[in-house]
Amino acid sequence: MTPARTFNDEQRARWNGIDGEYWTRQNERLDRTLAPITGPLLAFAAARVGSTIIDVGCGCGATTVELARMVGPSGRVTGIDISEAMLGLAKQRLREYPNTACLLGDAAELGLRDLRAELMVSRFGVMFFGDPVAAFSNLRSGLVPGGRLRFACWRSIHENPWLQIPLEAVYKHAPRLPKPQPEEPGPFAFADPARVTRTLTLAGFTTPSFTPLDVRLDLAAGGGFEEAVFHASQVGPAKRALTGQPDEVRAAAIESIRCSLTPYASTTGVELAAAVWLVAAERTD
Ligand SMILES: C[S@@+](CC[C@H](N)C(=O)[O-])C[C@H]1O[C@@H](n2cnc3c(N)ncnc32)[C@H](O)[C@@H]1O
């Protein structure tokens, strides 16, 4: 089996298993946490009334709903996702928008030619492909010539304390995760602009631009400090490092997360810095 195929199978399993279940169950609080990114991404994407849009890795449909509102009844938005549970929730949320559709499957392989989209958007849904050049070549086929690609991806973990601080707390008790392989998919796979540029240009897009977006994310998302502690152990690399660990390791790690987040607790929540790239490119022809 090629590494790309293995990576793809792992991602399909994660998003139809442990990660998909969490995102589906917690989608409202995740949307509240990610709200400081959603608005700027949608403004950056600048969807026009009447346009045709694809939302890649749309998950539970938060951005798909917003895009459907932005294009209005004369436009059309198609959400694509590999996670049956997450897309199931997206379908429910999109019921009142007849100008939307949901496609279940691997965005790297689905036939997209008939969609003829003017804009392709993604909030953190494009970093999980086993073979990103092949995946973006396929995504390109869903765009009209000159069609616009606009997505958000994380910068490096060192610039994202909201994920790094809980991870370092977990590492006091659980083994360190293996260093990701250079082409391995994951939340930080698109942190390096050189890699993204190489991927997109090889796949038939223009040289992308990278706009940094620096925000603070509230891990409590309207709940209390203990919620922030629990959820910090349930997302990103901290969750991966805790997967399969015995109860006593988990308990000790959660206590360490509690200590590490204490300095960030305030009356407004538990806010930590996050760093994102807003990436823009166009389909070349
Ligand atoms: C971090 S979540 C983001 C979900 C959503 N865009 C949001 O912001 O709430 C990543 C999403 O990408 C989807 N995904 C991962 N690999 C995919 C693939 N090959 N094809 C389609 N969707 C994929 C996952 O199922 C998941 O919904």
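Which residues in α6 meet which residues in α8? This is a predicted model, and I will start with that helix pair.

On the α6 side, the residues are Pro132, Val133 and Phe136, and they meet Thr199, Leu200 and Leu202 in α8. By class, this contact has five nonpolar residues, one polar and no charged. Helix α6 covers residues 132-140 and helix α8 covers residues 193-202. Their axes come within 8 Å and cross at roughly 50°. The crossing is right-handed.

Helix α9, residues 225-232, and helix α11, residues 247-261, have axes that come within 9 Å and cross at roughly 125°. α9 and α11 are therefore also oblique to each other. Here too the crossing is right-handed. From α9, the contact takes Ala228, Val229 and Ala232; from α11, Ile254, Ile257, Arg258 and Leu261. Six of these residues are nonpolar, none is polar and one is charged.

Last, the ligand. What lies around it? There are 21 residues around the ligand, and those that come nearest are Trp15, Gly57, Gly59, Ser83 and Arg123. Two elements give two or more residues to this shell: helix α1, residues 3-15, and strand β2, residues 76-81. By class, the shell around the ligand has 12 nonpolar residues, six polar and three charged.

How values were computed: Residues numbered from 1 in each chain as written. Predicted model: local features only at pLDDT ≥ 70, side-chain atom pairs only at ≥ 80, totals over all residues. Near = placed C-beta within 6 Å. Helix = DSSP H or I, 4+ residues; strand = E, 2+ residues; numbered from the N terminus. Nonpolar A, V, L, I, M, F, W, Y, C, P; charged D, E, K, R; others polar. Axes fitted to C-alpha atoms, helices over the stretch in contact; angles between N-to-C directions. Parallel < 35°, antiparallel > 145°, perpendicular 65-115°, else oblique. Left-handed = near helix turned anticlockwise from the far one by under 90°. Contact = placed C-beta atoms within 7 Å.
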